[in-house]
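User: I am new to this structure and would like to understand its charged pairs. Please take me through them step by step.

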Amino acid sequence: MTNQGETLIAYKAVRPDGTDFRTGRIRYDVGAVIIEPNAAPASAGQYAPGLHVVLSARAACRASRGIDGSEHRPWAFREIAVERADIIWQSDDPFAKLRVRRLRVLREVGHEEVFGADLAARAKALRDEAA
């Protein structure tokens, strides 16, 4: 996450259609300002109602796993702007989710930017090695 004054940059992993994994109803379209009117207070903890983002795109992969440990794939990624005043809950753990009441979707983040341009080559090498 980058601190740009009072605006923080965070990330969100979404379904290929741009919707959230939990409900499939929140659309993280580029340019959208998303507000959660029913966000719970900080005392409710990390996983309470609110909008959840993380500090890095790679951390978003970990954060988008289901409570039962299942993994959602394929992922799409969004870069998010959050005003400090909209952060409801934050941990010192760099992999933990931030819970916010309002955010702005800045852009789509490509897989190459998240995992590296050589991801396909690395994956093929692993498949060949496992064969």
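**Salt bridges**

Analyst: In this predicted model, a search of the whole structure finds three salt bridges.

User: How far apart are the closest N and O atoms of Arg27 and Asp29?

Analyst: Side chains of opposite charge can pair when their charged atoms come close. A salt bridge requires a nitrogen-to-oxygen distance within 4 Å. Arg27 and Asp29 form such a bridge, with their closest N and O atoms separated by 3.2 Å.

User: Is Arg27 buried, partly exposed or exposed?

Analyst: Buried means under 20% relative accessible area and exposed means over 50%. Arg27 has a relative accessible area of 41%, so the residue counts as partly exposed.

User: Which strands hold Arg107 and Glu79?

Analyst: The side chains of Arg107 and Glu79 meet in a salt bridge at 3.1 Å, N to O. This pair ties together parts that are 28 residues apart in sequence, because Arg107 belongs to strand β8 (residues 102-109) and Glu79 to strand β5 (residues 76-83).

User: Is Glu79 buried or exposed?

Analyst: The limit for a buried residue is a relative accessible area under 20%. Arg107, at 28%, counts as partly exposed. Glu79 has a relative accessible area of 12%, and therefore Glu79 is buried.

User: Which residues are linked in a network of salt bridges?

Analyst: Arg107 pairs with Glu79. Arg107 also forms a salt bridge with Glu113, where the closest N and O atoms are 2.7 Å apart. The network of salt bridges therefore links Glu79, Arg107 and Glu113.

Technical notes. Residues numbered from 1 in each chain as written. Predicted model: local features only at pLDDT ≥ 70, side-chain atom pairs only at ≥ 80, totals over all residues. Heavy atoms only, no water. Buried < 20%, exposed > 50% of the residue type's maximum accessible area, 1.4 Å probe, protein only. Helix = DSSP H or I, 4+ residues; strand = E, 2+ residues; numbered from the N terminus.
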